[in-house]
Amino acid sequence: MLKTITKPAALILALAAGVIGAVPAEAGGRGKEYFSQTYVSQKPMHGFEGRAGDYYCSYVRIPVHKMINGRMKVVAWTLQQHCY
């Protein structure tokens, strides 16, 4: 029967327990990462719509308005790109 554990053996056991404990958490349904990017431009732009590898990407164009002489005017565009 082993009564003492050497320091290298204890380190190896701790690392093995950490790796074995991390595997079920990774596969436990956390899912993929979500990516989002926002761009601002003077003219409306198209983003990417469709599948990119294991992700589906879509985009939204939002006008940026400003009051000029009592009238609303589009002065810029915001493009929001989402991949999930």
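Ile68 sits in strand β3. In this predicted model, Ile68 has 35% relative accessibility, so it counts as partly exposed. Together with Val64 and Val75, Ile68 makes a nonpolar surface patch of about 170 Å².

**Strand pairing**

- Strand β3 covers residues 55-68. Its pairing with β4 is antiparallel and runs over 12 bridges.
- Within this pairing, Ser58 stands opposite His82 of β4.
- Strand β4 covers residues 71-83 and also pairs with strand β1, residues 35-41. The sense is again antiparallel, here over 7 bridges.
- Which residue of β4 is the bridge partner of Phe35? The partner is Cys83.
- As a general point, side chains in a regular strand alternate between the two faces of the sheet.

**The turn between β3 and β4**

- β3 and β4 form a hairpin, with 2 residues between them.
- Asn69 is found in this loop.
- Is Asn69 buried or exposed? Its relative accessibility is 78%, over the 50% cut-off, so Asn69 counts as exposed.
- The phi of Asn69 is near 55°. That is a positive value in a residue other than glycine.
- Most residues other than glycine have a negative phi.

**Thr78 in strand β4**

- Thr78 belongs to strand β4.
- The relative accessibility of Thr78 is 15%. Buried means under 20%, so Thr78 counts as buried.
- Which residues does Thr78 touch, leaving aside those up to four places away in sequence? They are Thr38, Tyr39, Val40, Val60, Arg61, Ile62 and Val64.
- One of these contacts, Val64, is also part of the nonpolar patch.

**Gln80 in strand β4**

- Gln80 lies in strand β4 as well.
- At 26% relative accessibility, Gln80 falls between the cut-offs of 20% and 50%. It therefore counts as partly exposed.
- Gln80 and Gln37 are 43 residues apart along the chain. Their C-alpha atoms are separated by 5.9 Å.
- Gln80 touches Gln37, Thr38, Ser58, Tyr59, Val60 and Ile62, again without residues up to four places away in sequence.
- Thr38, Val60 and Ile62 are touched by both Thr78 and Gln80.

**The chain as a whole**

- The protein chain has 1 helix and 4 strands. From the N terminus on, their order is α-β-β-β-β.
- Of the 84 residues, 12% are buried.
- The chain exposes about 7,100 Å². Carbon and sulfur atoms supply 63% of that area.
- How much of the contact set joins residues 24 or more positions apart? Such residues account for 46% of the contacts with a separation of 6 or more.

**Confidence**

- The mean pLDDT of the protein chain is 76. A pLDDT of 70 or more is reached by 65% of the residues.

Definitions and conventions. Residues are numbered from 1 along each chain as its sequence is written. This is a predicted model: local features need pLDDT of at least 70, side-chain atom pairs count only at pLDDT 80 or more; totals for chains, interfaces and linings use all residues. Side-chain values use heavy atoms; hydrogens and water are left out. Two strands pair if DSSP finds at least two bridges between them. Patches are made of residues with over 30% relative accessible area and no salt bridge: like charges are joined within 9 Å, nonpolar side chains (Val, Leu, Ile, Met, Phe, Trp, Tyr) within 5 Å. Accessible areas come from the Shrake-Rupley method with a 1.4 Å probe; for residues, only the protein chains shown count as cover. A salt bridge is a side-chain nitrogen of Lys or Arg within 4 Å of a carboxyl oxygen of Asp or Glu. Buried means under 20% relative accessible area, exposed over 50%, partly exposed in between (1.4 Å probe, protein chains only). pLDDT is the predictor's confidence in each residue, from 0 to 100. Contact means heavy atoms within 4.5 Å.
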